Amino acid sequence: MQAAASMSIAPTGAALGAEIRGVDLARDLDSETFGRIEEAFDRHGVIFFRGQTITVEQQIAFARRFGNVEINVNTQACLQGRPEVLLVSNVKENGRYIGLADAGTTWHTDMSAYACPPRCSILHAIEVPRAADGTVLGDTIFASAAAAYDALAPELKSRLEGRRSTHSYLAKMMARKAAVGLTREVTPEHLEKTPPVAHPVFRTHPVTGRKCLYVTEGECIGIDGMAEADAVPLISRLHRHLIDPRFQYRHRWRVGDVLMWDNCTCQHLAVRDYGESLRRLMHRVTVNGSVPF
Ligand code: SIN
């Protein structure tokens, strides 16, 4: 059993994110240690632990402390025998990607086109690409949707308070295809499971009560009570505000990192700057969330 005494929290100094030190996720966490981790997670939106050596079972067990684990609709990209683990990877075996190679390659918050989007996603870095000169590639950039809300013009806050925006999985996949290309197949079965859904433009964090901007360019196709011709440019404007560099934290991966993000408080982008010849492999476990309000 691991006790809280050895643990410390080091904020990144950016608008979100903190490193948790002195915790070995391969060991059971006592309730006080877990409570401090959960509190840091709710407060900072992104937390990470360096140098972890954990099994797939230990990653799943850690995720289960935060809620029920989801199985991704892209089941062909899940670890064989362990569908709780989604492989995020550009690695190919027998001419096929072993996981999702396009995951996260445009700004988004996970599965917002679901009626009940996930609370958090937890990545364990197994292989991290490096250029010939040693530069680490394949960073992930996070943007604070809470800080973005706080900095929004009062006029926009009052104009959009109580409004809902429609999120479309099909629109998201089409936008990603146009922007960076898609390596996954979007099947009629996926689309059937993910009909467009309306969520508040300003979502409230269920624990901290902070308001978060919850729209994504390309994925959100309208705002209720507004003509499409007005809504779509407004969504783009709000989203550009959300991903402004002043609200960002950029994570440079090391093998053994375990990092988790809050899908209410932040959006993220996986930087695809490493091509096909350098390997990147992440194990992702996703935890159920609650209906946005
Ligand atoms: C994701 O959005 O799940 C992928 C993030 C990453 O690979 O950095």
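Which side chain does that of Arg203 join in a polar contact of 3.4 Å? The notes below start there.

1. A word on the source: this is a predicted model, in which local features need pLDDT of at least 70, side-chain atom pairs count only at pLDDT 80 or more, and totals for chains, interfaces and linings use all residues. Residues are numbered from 1 along each chain as its sequence is written, and side-chain values use heavy atoms, with hydrogens and water left out.

2. The partner is Tyr214, whose side chain is joined to that of Arg203 by the 3.4 Å polar contact. (A polar contact is a pair of N or O atoms within 3.5 Å; within protein, one must be able to donate a hydrogen and the other to accept it, and residues adjacent in sequence count only if both atoms are side-chain atoms.) Arg203 lies in strand β13, residues 202–204. Helices (H or I, at least four residues) and strands (E, at least two) are DSSP runs, numbered from the N terminus.

3. Arg203 is buried but has no salt bridge, and Asp262, the nearest side chain of opposite charge, is 6.3 Å away. Buried means under 20% relative accessible area, exposed over 50%, partly exposed in between (1.4 Å probe, protein chains only). A salt bridge needs a side-chain nitrogen of Lys or Arg within 4 Å of a carboxyl oxygen of Asp or Glu; Lys and Arg count as positive and Asp and Glu as negative, while His and the chain ends are not counted.

4. Next, the sheet. Three strands make an open, antiparallel sheet in the order β16-β10-β18. β16 (248–251) and β18 (266–270) are at the edges with a single partner strand each, so one side of each has no neighbour in the sheet. Strands pair if DSSP finds at least two bridges between them; β10 (residues 140–144) and β16 have 4. One detail to look at is Ile141, whose bridge partner in β16 is Arg250.

5. Two backbone spots deserve a glance. Most residues other than glycine have a negative phi. Asn94, however, has a positive phi near 50 degrees, in the loop between β7 (92–93) and β8 (96–97). Met111 has a positive phi near 45 degrees and sits in the loop between β8 and β9 (120–127). Asn94 counts as exposed at 82% relative accessibility, whereas Met111, at 11%, counts as buried.
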